[in-house]
Amino acid sequence: MASVFGVAPAEADAVDEVRTVYTWVNCRWVGLTDVAEGPAGVDLNQLSGLGMPIALHLGPPVTYEAPEDGEENPDVRRIFPRSLEAAAFSHPWPSAQDELRQRVLQVVGSSAPSPSPSHS
């Protein structure tokens, strides 16, 4: 799941003018045993995952920057424009856990194989 909190250039009026997207991403890893157990066996609190702000540069090539862990990390000031620093330092939506849980249960309840992450 992702929540966009800004774009660059900030004055972009159309999608094709956007060069960078600033977003919070939230990911959980669902293993084959989770899928085999089905939705009733999934405890979202036990799934590995991460949540962080990233800057997605649309390229080409598409790349991203993510700050290292830690409060008041200097990477945030380097990666995000000053006007977006507060959004990058604070998780955008507490209700995301409910949305993420619904998505995980949907994936686990599906008979389709889940996608594998790819590295660039």
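View 1. D75 and R78 both belong to helix α2, where three residues, about one turn of the helix, separate them. Helices (H or I, at least four residues) and strands (E, at least two) are DSSP runs, numbered from the N terminus. The model is predicted: local features need pLDDT of at least 70 and side-chain atom pairs count only at pLDDT 80 or more, while totals for chains, interfaces and linings use all residues. Residues are numbered from 1 along each chain as its sequence is written, and side-chain values use heavy atoms, with hydrogens and water left out. The side chains of D75 and R78 form a salt bridge, with an N to O distance of 3.8 Å; the term denotes a side-chain nitrogen of Lys or Arg within 4 Å of a carboxyl oxygen of Asp or Glu. D75 is buried at a relative accessible area of 18%, whereas R78 is exposed at 55%. These classes are set at under 20% relative accessible area for buried and over 50% for exposed, with partly exposed in between (1.4 Å probe, protein chains only).

View 2. A search of the whole structure returns three salt bridges. In one of them, E65 pairs with R78, and the closest N and O atoms are 2.9 Å apart. E65 lies in strand β4 (residues 63–65) and R78 in helix α2 (residues 74–79), so the pair ties together parts that are 13 residues apart in sequence. E65 is partly exposed, its relative accessible area being 25%. A network of salt bridges links E65, D75 and R78.

**View 3. Salt bridge and surroundings of E85.** R77 and E85 form a salt bridge whose closest N and O atoms are 3.6 Å apart. R77 is partly exposed, with 42% relative accessibility, whereas E85 is buried, with a relative accessible area of 11%. E85 is located in helix α3 (residues 85–89). When residues up to four places away in sequence are not counted, E85 touches V76, R77 and F80; contact here means heavy atoms within 4.5 Å.

View 4. T20 is part of strand β2 (residues 20–28) and is buried, with a relative accessible area of 9%. Its side chain makes a polar contact of 3.0 Å with the side chain of H57. A polar contact is a pair of N or O atoms within 3.5 Å; within protein, one must be able to donate a hydrogen and the other to accept it, and residues adjacent in sequence count only if both atoms are side-chain atoms. Apart from residues up to four places away in sequence, T20 touches G6, V7, A8, A55, L56 and H57.

**View 5. Aromatic pairing of F5 and F80.** Two aromatic pairs are found in a search of the whole structure. The ring centres of F5 and F80 are 5.8 Å apart and the planes meet at 40 degrees, so the pair is tilted. This pair links distant parts of the chain, with F5 in strand β1 (residues 2–8) and F80 in the loop between α2 and α3, 75 residues apart. Rings of Phe, Tyr and Trp (its six-membered ring) pair if their centres lie within 6.5 Å; planes under 30 degrees apart count as stacked, over 60 as edge-to-face and the rest as tilted. F5 is buried at 19% relative accessibility, and F80 is buried at 3%. Ring pairs join F5, Y22 and F80 into a cluster.
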